[in-house]
Amino acid sequence: MNYISTRDSSIKVSAASAIAKGISTEGGLFVPESIPALTSEDFSVLCKMDYPARASFILGKFLGDFTAEEVDHCTNGAYKGTFDNEKPAPLYNLYGDVDILELWHGPTCAFKDLALQILPFLLTTSASKVSGGKKTVILVATSGDTGKAALEGFKDVDGTEIMVFYPSEGVSPMQKLQMDTQEGKNVSVYAIKGNFDDAQSGVKRIFTDPEMGEKLKENNMLFSSANSINWGRLAPQIVYYVSAYCDLLNGGKNPENGFNVTVPTGNFGNILAAYYAKLMGVPVAKLICASNANKVLTDFLETGVYDRNRSFFTTISPSMDILISSNLERMLFEISNRDDKKTSQWQKALKDEGKYQVDADVKAKLDDLFYGGFCDDEKTKETIKAVYDKYGYLCDTHTAVAIAVYEEYKAKTGDERPAVIASTASPYKFAASVLDALGEKPSNDEFETVEQLSKLTKTTPPAPINALRGKEVRFNNICEPENMADAVLEYLNIK
């Protein structure tokens with residue numbers, strides 16, 4: 001299985017090269033040369049497996065230059081002894097045929113753990129095949145959850161350095177604390193004076209800057225990414241949608257007409273993984289894309305025009321506060337019949353003018369595949385309270401967006417097919433907002449707020465949240481977006 005670039009499909013690299021590099025030289029994203037199909041017999045086998053085995057089965061189809069033993073090493077290392085009750089992605093039945101796919105039972109209490117616990121294994125295995133002994137320097141832009149999950153996954157991993165950039169005013173207090181207290185001798189954390197898009201654009205500029213690449217080469221280093229622009233980050237996310245279908249089947253649910261998937265999304269990677277699962281044979285019907293007030297994706301799905309030239313809102317669902325959805329590029333490549341020229345033109349227009357419009361054929365395919373909706377902070381809070389009052393289920397500010405948009409979709413369309421709603425974070429990562437939604441005034445102290453939420457709802461905070469209490473703050477760096485490259489060179493001690 002080779003990988004090609006979304007902006008130049010003549011570029012072909014191995015899986016190991018795609019993962020080690022993270023992004024193609026000209027700025028395109030790597031995608032598999034073809035999408036492997038799962039048969040009914042495959043699903044029968046998968047249903048009998050635990051999560052690590054399912055991950056090996058699925059990822060093995062994408063990792064052509066990995067041995068079976070190497071794939072098993074990666075999946076067992078990531079998913080055994082790391083997640084609550086040895087269940088990385090359990091389903092919780094909310095009501096009837098609506099199930100919550102809980103993706104936050106890992107060490108950082110967010111869905112990014114499902115990918116970022118395995119990425120260090122994938123990356124180090126890949127580097128051993130293609131990097132020639134160079135140290136891998138991982139750059140991460142985060143809107144909150146990716147940063148901590150990447151730091152936790154890569155801390156003290158031999159042959160790597162990891163540097164995370166987050167928006168100084170765009171993450172929750174708990175997310176900030178998780179990153180700024182990170183342990184490990186090979187980690188660094190920077191706040192930037194800007195939003196997530198500024199951080200993401202800065203990282204991409206560094207990746208594609210020939211001068212930066214040359215400086216790393218001179219020092220026996222190379223760049224890679226732990227953001228979902230890296231295929232090694234995205235592929236593991238496909239696994240949990242395949243696994244969710246297997247769990248539905250094991251639970252006696254056989255959605256003959258398919259099931260809908262709702263995902264709260266900003267950078268489009270999580271819902272894109274569900275789309276790839278659909279291409280592999282999982283009977284996903286409608287992909288419901290849930291946005292907050294930064295509804296650039298909702299507007300795009302409605303109009304076919306992607307326009308980031310708009311006001312940016314800081315919301316109570318900060319991991320979705322994004323106006324440039326990087327992984328949409330992969331989707332456009334796929335549904336334009338893998339037209340690299342069109343994809344490249346759209347991305348150039350986005351960079352130069354801040355907007356582009358897809359053609360009628362692509363828009364028709366989007367209409368068939370997706371429904372886009374959004375809700376503001378007030379509706380998010382209303383949903384948290386309504387879901388807790390009605391079902392006794394406590395959800396975070398991102399999952400609430402997904403539930404609200406799903407209910408809107410169902411009311412508008414009358415579509416009663418079974419549904420899986422992705423729950424992307426523990427409510428305790430956003431304790432103040434959740435407590436406020438339930439009608440209580442949060443404390444000024446983050447951990448007192450956690451205790452208030454626990455007492456009110458009779459739920460137990462995750463152990464990783466409690467473990468942050470009293471931890472030493474190691475990082476208080478801050479820089480302008482235009483100075484990110486200098487910060488990287490300083491951290492790496494490169495002149």
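**Ground rules.** I number residues from 1 along each chain as its sequence is written, and side-chain values use heavy atoms, without hydrogens or water. Because the model is predicted, local features need pLDDT of at least 70 and side-chain atom pairs count only at pLDDT 80 or more, while totals for chains, interfaces and linings use all residues.

**Aromatic pairs.** I then took Tyr-79 and Phe-83. Their centres are 5.9 Å apart, with 40 degrees between the planes, and the pair is tilted. Both Tyr-79 and Phe-83 are buried (under 20% relative accessible area; exposed is over 50%, partly exposed in between; 1.4 Å probe, protein chains only).

Next I checked Phe-165 and Tyr-190. The planes of these rings stand at 35 degrees and the centres are 5.9 Å apart, so this pair is tilted. Phe-165 is in strand E7 (residues 160-167) and Tyr-190 in strand E8 (residues 187-192), so the pair ties together parts 25 residues apart in sequence. Strands here are DSSP runs of E, at least two residues; helices are runs of H or I, at least four; both are numbered from the N terminus. I noted Phe-165 and Tyr-190 as both buried.

I also logged one aromatic cluster: Tyr-3, Phe-62, Trp-231, Tyr-275 and Tyr-276.

**Charges over rings.** The charged end of Lys-129 sits over the ring of Phe-66, 5.4 Å from its centre (NZ of Lys or CZ of Arg within 6 Å of the ring centre and within 35 degrees of the ring normal). I found Lys-295 over the face of Phe-374, at 5.1 Å from the ring centre.

**Salt bridges.** I recorded 27 salt bridges (a side-chain nitrogen of Lys or Arg within 4 Å of a carboxyl oxygen of Asp or Glu). One of them joins Arg-54 and Asp-247, at 3.0 Å from N to O. Arg-54 lies in helix H3 (residues 51-60) and Asp-247 in helix H11 (residues 231-250), so the bridge ties together parts 193 residues apart in sequence. Arg-54 is buried at 5% relative accessibility. Asp-247 is partly exposed at 26%.

I turned to Lys-176 and Asp-180. Their closest N and O atoms are 3.0 Å apart in a salt bridge. Both residues lie in helix H8 (residues 173-180), four residues apart, about one turn of the helix. Lys-176 is partly exposed at 35%, whereas Asp-180 is buried at 6%.

Methods:
Rings of Phe, Tyr and Trp (its six-membered ring) pair if their centres lie within 6.5 Å; planes under 30 degrees apart count as stacked, over 60 as edge-to-face and the rest as tilted.
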